[in-house]
Structures are given as structure tokens and as C-alpha cells.
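Hi,

Here is the structure I promised to pass on. Have a look at it first, and then read my notes below.

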Amino acid sequence: MYHVTSGYFGKRKCRLSTSRDGGRVCLPHRFIYSCNSDNKYLQSLFAVTEDEAVRFITDTLNVELNESRIKHNLQSLLDDIVYRIHCTIPWHNIDSVASEAIFTRDAIKCIGAEEDRARRVLLDQLGGGCYLMNTSLSYILDAVGIPNYLTMARGFWDATLDSHVMPVVVVDGGVRFLTDSASGNPTFRAFNADFRGETSEIFHDSFLTYRLRRDSNGRVYREAEHRDHEGVMSWRRVYDTDLLRRDMVYVMDHVAQSMFLDKNPWMGHSLRAVTFPNGKAVFIKDNILAIENDNRTIVKTKLNNNVELINAIQTYFPDIIRENIIKAVDNWIIFNNLNDNLEISKETLS
């Protein structure tokens, strides 16, 4: 049995079919996704002019941009751009959870790649998910003469499905740099994906220690340091990528598929917002506010009701539209059947 939902990329209507198992949406063996949008149309949703791209990098991000940096010091320029996006523009799902699409299970509408909005997530500092922020970054880089392409990674919500979007910048000599500004994890640099050996150097950004690893098939894994309750350290996979070039139809198709995965918070299961002012983490996860202190540890505060939650999001993420914050909190409470204390209702547990 298939459930068919429809939505819009811009003004183009799309159809998305998924199977149902016991009333829960799940993916069939072959996910059926058809959209009247083609690559050229989807590209137009993110297109920016050279002037817009230059103003974004120099004025919004306060990053020095000139021909010399592009030609002779590109990695440093990419590092600055990625770091400043982390500091100034939030990764979040507030706008998606604010949509009634979480109740109709309309994945395409939850993506929010709407005309004019897609290109504004960075230009107007609205923020959003990787599929909006990193795709927008790709077009901004291209507009200032930094050739790149989009690739996808798996592992965020499912071990086998491409769901995370990233630009790859190819420099002279063919060396590839992963330029990830929107994973929800601190990533304050562009990664040389063609590092020597099996593993890269170890990076320390904000509260996180992590590295890259390459397997025998050439897939590149991002791995974060993890310590168990006894303090034993291991490396835990965050995502992995084949670094292949993906067109816009492939990207949006796979993002739409990932919306139905149980762990994906974009369809109402969870509220998420993350930013890194001055390189220190501030994030909301459901009714928890977490703030990084000076020694790279996270201090968590429980928010006890919807007013506290709304005010915390507005305070620490002022560029997110307040109306959307209020609607997202209301939808999240209803969707997860929470009580006034933002806890699971006893009726749900009984």
C-alpha cells in the first residue's frame, strides 16, 4: 500500500509516494519520487548574483574576499567562511516544525525549498537545515568564482541513505575540500578530503574532538570522539560520503526520503537549533538549553514550559522569525503529546 503526498518546490507541484506499515510511514525498497521540477528549475531557487554573494561574504560574514585569496590562499578563505557561518547563522528545524506539513506528513513542504526563501537562508541569515544552508553556500561560492559541486553523506538519520548535503571545492591539482557549514556539529574549517594515510589529523572545535577516516573503498568518514561511562574512548561515526557529484534532483529526492526516517527531527519529533557565537556552542534540543562554557564543557538547563522554551529560542536565535518559533513549539507539543511541563503525557504512557 502506498501513501501519496504532494507539495511544491517553488511553484512546481511534486508527488511523493511511500509505503505504510502498521500505520507508520516507512520507505519501500524503491522510493518513488516524481517532480515536475528539473535540475535547472531547482538551481534557480538558489541562484544568487555575484554582488549578493560578495556582500554576504564581506559584509554579513566579515570575511576578506579578493582575487589573491581565491587564487593563492583558498583553504584559508574557505575556513573563514565556514567558521563565520557557524558563528552567525543558525542550523535549525524551527521553520519546518512550524509547518502543518508535519501532521499531513508532507515531506516536500517540510523541506521548505520555496521560491525566494531558499536563496535567503544565508543572505538574510534565516538559517535552516543542511539542504538549504549548504546548497545556498554552494551557489554563493560559485558566484564569486570558486567552482564546487554538491555531494551527499549518509549516517545522520540512517546508515544507508544519503541525507546530508555538502559542497565540495576542488582546487588546483584536484584536491577536494569538504565545505560543511550546516551539520549541527561544530565544523570550523574546510576539510582536505584527500588527506594522506587512513586518518586525518585530529580536530578540536568547540566541545567536539573529531577526525576523518578513509576506508578501503575510498569513502570518507567523519568520526567524533566518544567516551563511555568508564571513560574508555572510541571513535563514533557521524557520517560518511563517497564524494560523488550529485545533481539537484538527486539531492532533493534523497532529502525528501530522509524526512520519513524515525530519527529525523525535521518532521516534528524534535526541536533543534544550534549556533556557535565566538566559536562556543549554544543549542536547543527539545526543552533543553545547552551553553558551552570556557573550558569546552556543556552546561544544560531544563526549560519547564512553552513560554520558557519560546523565550530561550528567541533570545539565543533572534534571526528566527518569532511567529515561527511560537508555531513550532505548539506543533511540537501537540505532535509528541506533551503536557504543560513539556513531558510526555501520562495518557500517552498508559
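Before the sheets, one convention: two strands count as paired if DSSP finds at least two bridges between them. With that in mind, this predicted model has an open sheet of five strands in the order 5-14-15-16-17, and the pairing is antiparallel. Strand 5 (91-92) and strand 17 (298-302) are the edges, each pairing on one side only. At the strand 17 end, five bridges join that strand to strand 16 (residues 288-292), and the two run antiparallel. If you want a place to start looking, A290 stands opposite K300 in strand 17.

A word on confidence before you zoom in. The chain has an average pLDDT of 85, and 86% of the residues score at least 70. Where pLDDT is low, the predicted coordinates should not be read in detail.

Strand 11 (residues 208-214) pairs with strand 12 (residues 220-227) in the antiparallel sense, over five bridges. R213 stands opposite Y221 in strand 12. The two strands make a hairpin with five residues between them, and G218 in the turn has a positive phi of about 90°. Strand 12 is also joined to strand 13 (residues 233-241) by eight bridges, again antiparallel. Here V220 has T241 in strand 13 as its bridge partner. Strand 12 and strand 13 form a hairpin too, with five residues between them; in this turn G231 has a positive phi, of about 85°.

Now the aromatics. How many aromatic pairs does the structure hold? The count is eight. The ones I followed up involve Y83, F188 and F276, which form one aromatic cluster. The ring centres of Y83 and F188 are 5.2 Å apart and the planes are at 80°, so this pair is edge-to-face. Y83 is in helix 4 (residues 74-88), while F188 is in the loop between strand 8 (176-178) and strand 9 (191-192), so the pair ties together parts that are 105 residues apart in sequence. F188 and F276 are edge-to-face as well, because their planes are at 80°, with the ring centres 5.6 Å apart. This second pair also links distant parts of the chain: F276 is in the loop between strand 14 (272-275) and strand 15 (282-285), 88 residues from F188.

Y83, at 28%, counts as partly exposed.

There are also two spots where an arginine sits over a ring. R222 lies over the face of Y210, at 4.1 Å from the ring centre. The charged end of R246 is over the ring of Y250, 4.3 Å from its centre.

Leaving aside residues up to four places away in sequence, V255 touches I111, Y131, M152, S163 and V165. V255 and I108 are 147 residues apart in sequence, yet their C-alpha atoms are 8.8 Å apart in space.

Finally, the cysteines. Among the cysteines, C87 is buried at 10% relative accessibility, and C130 is buried with a relative accessible area of 8%.

Cheers

Methods: Residues are numbered from 1 along each chain as its sequence is written. This is a predicted model: local features need pLDDT of at least 70, side-chain atom pairs count only at pLDDT 80 or more; totals for chains, interfaces and linings use all residues. Side-chain values use heavy atoms; hydrogens and water are left out. Rings of Phe, Tyr and Trp (its six-membered ring) pair if their centres lie within 6.5 Å; planes under 30 degrees apart count as stacked, over 60 as edge-to-face and the rest as tilted. Helices (H or I, at least four residues) and strands (E, at least two) are DSSP runs, numbered from the N terminus. Buried means under 20% relative accessible area, exposed over 50%, partly exposed in between (1.4 Å probe, protein chains only). A charge sits over a ring if NZ of Lys or CZ of Arg is within 6 Å of the ring centre and within 35 degrees of the ring normal. pLDDT is the predictor's confidence in each residue, from 0 to 100. Contact means heavy atoms within 4.5 Å.
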